[in-house]
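Take a walk through this structure with the sequence at hand. We start inside a sheet, go on to the ligand, and finish with a few single residues.

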Amino acid sequence: MSKCNITKKKIDAFMTFGKMPLANGFLKKIDFKKEKFYNLDVGFNEKISLFQVLGVPKFSNTVYKNYPFFTNKSVYMIRHFKKCAKWIKNNFLDFKSNLIEIGSNDGTMIKNFNNSSINAIGVDPAPNVVSFARKNGVKTYNIFFNSKNIYKLKKYYKSTKVIYAANVFCHIKDLIDVIKCVDYLLSSDGYFIFEEPYLGSMYKNISYDQLYDEHIYMFSASSILRIFQLYDFELIDIQSQITHGGSVRYIISRKNKNLIKKNVNKFLKYEDLNNISNIEGCLKFKNDCEMSRELILNKIKKLKKKNKSICGYAATAKSTTVLNYCGVGNELIECIYDTSEEKIGKYSPGMHIPILPMKDFKKSNFDYAYLFAWNHKKEIFGKEKKFKKKGGKWLCHVKI
Ligand code: TYD
């Protein structure tokens, strides 16, 4: 059992993914013995329809010391944020408005406001990505976005027109603290806009690998509406996004400041009808995950019996959940190719599959490649056409 920080209610786990290392805990051989594990249990807070990982390990924050993920590694994400910046500018900002991005990473999104009248700043806890952002001319505060640090942003007190976050809110355990910080910074007519992987998409894709120590929450319109209602904010609009296998962008404002768009009600109705707002959906998801594990394990084992070789493509944080939940080690998947300098030469968390440089994938001759970055499939299939031409096949637990 675990206490949810919002309702202080004890939440029971409805399922466990078992013993799990840190999702981004890629490690060297000499560190195998020091590796730490926790139980990846998940629960559902029925009061606020919130799907959450329970008992996030205290040691999980260490990943931000040298964050292994740079947004600019994906051409699609660069394009996505360019489009998003334009949309924010056209719909929410005025001349010389203040904009703050929480979890601004390498500055990919904020960079779009360089050379404009907008005073756009980033906030990110990881020094390595922040140093990259600063080199790109993006003003960034190297801090965790929390009430302990918020005084460092006091010049933006109640004067920030837009606070934006992408794939960040679900990483922060203390949601109340974030909301308090948003309240501190946001102007009376300001907007908190954030986008996160969508619970409904996770159910549909059975993409349980969205769950790990850094992805604590899976949001829905129902949960966001209920959470923000508790703090005098209002969900005024909602938009589907194709990123990360199905995300949703939420637009929040202070109460009674804006008309609520029809979309919000549409989403809420859809979620009630499809058990996304209640525990029924969780129980179905549990069965779906167990079946998915059986299916993919059988498939991999069958291929190995036929002497087929299998490598992994992209050492994502998500891959840690799949490999450890399914118990797949390097006897089944020989290696994983990845573009990140921070991961190459190390081993995957828990299952210790070697991570090799992506440039070697092209020279390799694997029969199958397990696509761990299925959320970037369009981009990857586009650049890896030769693999298919050579007779290579893609493999994944998610339909690709
Ligand atoms: P992503 O799915 O964005 O993130 P997460 O780690 O949060 O699950 O994948 C990022 C990782 O995938 C990163 O290690 C780089 C790698 N990657 C590649 O190696 N090649 C690619 O074409 C893409 C899109 C990602």
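Which residue in E18 is the bridge partner of alanine 369? It is tryptophan 394.

Some ground rules come before the rest. This is a predicted model: local features need pLDDT of at least 70 and side-chain atom pairs count only at pLDDT 80 or more, while totals for chains, interfaces and linings use all residues. Residues are numbered from 1 along each chain as its sequence is written, and side-chain values use heavy atoms, with hydrogens and water left out. Helices (H or I, at least four residues) and strands (E, at least two) are DSSP runs, numbered from the N terminus. Two strands pair if DSSP finds at least two bridges between them.

Back to alanine 369. E17 and strand E18 (residues 393-395) run parallel and are joined by three bridges. Strand E14 (residues 310-313) also runs parallel to E17, through four bridges. There, cysteine 311 stands opposite alanine 369. In a regular strand the side chains alternate between the two faces of the sheet. Both faces of E17 are covered. Tyr368 and Tyr370 lie on one side, Ala369 and Leu371 on the other, and all are buried. Buried means under 20% relative accessible area, exposed over 50%, and partly exposed in between (1.4 Å probe, protein chains only).

The buried residues of helix H8 pack against strand E17 (368-371). Their other packing partners are strand E3 (13-20), strand E4 (38-45), helix H7 (279-305) and strand E15 (336-338). H8 is mostly covered, with ten of its ten residues buried. Among them are Lys318, Thr320, Leu323 and Tyr325. Glycine 327 follows H8, and its phi is positive, near 65 degrees.

Now the ligand. Helix H8 (317-326) and helix H10 (377-383) each supply at least two residues of the shell around the ligand. In total, 16 residues surround the ligand, where a residue is near a molecule or strand if one of its heavy atoms lies within 4 Å of it. The closest are Lys318, Asp338, Lys343, His376 and Lys383. By class, the shell has seven nonpolar, five polar and four charged residues. Here Ala, Val, Leu, Ile, Met, Phe, Trp, Tyr, Cys and Pro count as nonpolar, Asp, Glu, Lys and Arg as charged, and the others, Gly among them, as polar.

Next come atom pairs. A backbone N or O atom of alanine 317 lies 2.8 Å from an oxygen atom of the ligand. In aspartate 338, an N or O atom of the side chain is 2.8 Å from a ligand oxygen atom. For threonine 339, a backbone N or O atom is 3.1 Å from an oxygen atom of the ligand. The ligand has 550 Å² of accessible area on its own, and the protein covers 93% of that. Accessible areas come from the Shrake-Rupley method with a 1.4 Å probe; for residues, only the protein chains shown count as cover.

Five bridges pair E3 with E4. Methionine 20 has tyrosine 38 in E4 as its bridge partner.

Alanine 13 is found in strand E3. It counts as partly exposed because its relative accessibility is 43%. Its contacts (heavy atoms within 4.5 Å) include Asp41 and Leu54.

Proline 21 lies in the loop between E3 and E4. It is buried, with a relative accessible area of 1%. Proline 21 touches Thr320 and Asn324, among others. Both of those residues are buried in H8.

One more sheet remains. Seven strands form an open, mixed sheet in the order E8-E7-E6-E9-E10-E13-E12. Its edge strands are strand E8 (140-141) and strand E12 (233-241), each pairing on one side only. Strand E10 (residues 186-197) and strand E13 (residues 247-254) pair in the antiparallel sense over seven bridges. Phenylalanine 192 has isoleucine 252 in E13 as its bridge partner.

Methods. A polar contact is a pair of N or O atoms within 3.5 Å; within protein, one must be able to donate a hydrogen and the other to accept it, and residues adjacent in sequence count only if both atoms are side-chain atoms. Lists of a residue's contacts leave out its neighbours within four places in sequence.
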